[in-house]
Amino acid sequence: MSLEASDGSTPRFSLVLCTRGRQTEVRALLESLLRQAREDFELIIVDQNQDDRLLEILAQYSHRISLHHIRSDGSGAARARNIGLAYVKGELIGFPDDDCSYLDGYLDAVDQIFISNRWLGGLTGHPLHGGAQAGQPHSSGLRIIIEAKYCEVQARFQATFGCSLHDAE
């Protein structure tokens, strides 16, 4: 069964969620997405469960969140992410882990990072939460990818933050 809800507009964010064996955690992520101040995102769920355990949960959210549910017979996060990438429509692509949830305002904070740093081609690891102080990262599992020239990103990161990307990890 495929669930999809959309108003036809292009989302700013496409979130690709790969999951297997996690119902409570997926529900927590969906609840955290409802608490975001923005609605310009889609959630693409690549379901690697052998049964229909997520269908009832997803049906409860399909009228409030733009969802696309994809069943996958195989297993593995990399494989599932590649499957999900074929369905993205958004400008920014994120890969939340299936056991994470977002703090309120998290997508706004990530969006502001990209708006303020147009040279930025990607964000991974521990992006700052909108309410966090600089230097106090919030680990949420969101990894954003966009094409960019690595050396340009490296040089600007060094100039902006005074350390290399490798030092920041």
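1. Is C18 buried or exposed? C18 counts as buried because its relative accessibility is 11%, where buried means under 20% relative accessible area, exposed over 50% and partly exposed in between, with a 1.4 Å probe and protein chains only. C100 likewise counts as buried, at 11% relative accessibility. The structure holds zero disulfides, a disulfide being a pair of cysteine sulfur atoms within 2.5 Å.

2. The model is a predicted one, in which local features need pLDDT of at least 70 and side-chain atom pairs count only at pLDDT 80 or more, while totals for chains, interfaces and linings use all residues. Residues are numbered from 1 along each chain as its sequence is written, and side-chain values use heavy atoms, with hydrogens and water left out.

3. The secondary structure of the protein chain comprises six helices and six strands; helices (H or I, at least four residues) and strands (E, at least two) are DSSP runs numbered from the N terminus. In sequence order, the pattern reads β-α-β-α-β-α-β-α-β-β-α-α.

4. Of the chain's 169 residues, 43% count as buried. The protein chain exposes about 9100 Å², of which carbon and sulfur atoms supply 48%; accessible areas come from the Shrake-Rupley method with a 1.4 Å probe, and for residues only the protein chains shown count as cover. Among contacts (heavy atoms within 4.5 Å) between residues at least 6 apart in sequence, 74% join residues at least 24 apart.

5. Strand β2 (residues 41-47) runs parallel to β3, and six bridges join the two; strands pair if DSSP finds at least two bridges between them. I45 stands opposite H69 of β3. Strand β3 itself (residues 66-71) is mostly covered, with five of its six residues buried.

6. Together with helix α2 (residues 55-61), β2 and β3 make a right-handed β-α-β unit. A crossover is right-handed if, with the strands pointing away from the viewer, the path from the first strand over the helix to the second runs clockwise.

7. Leaving aside neighbours within four places in sequence, D47 is in contact with T19, L54, H69, I70, R71 and S72.
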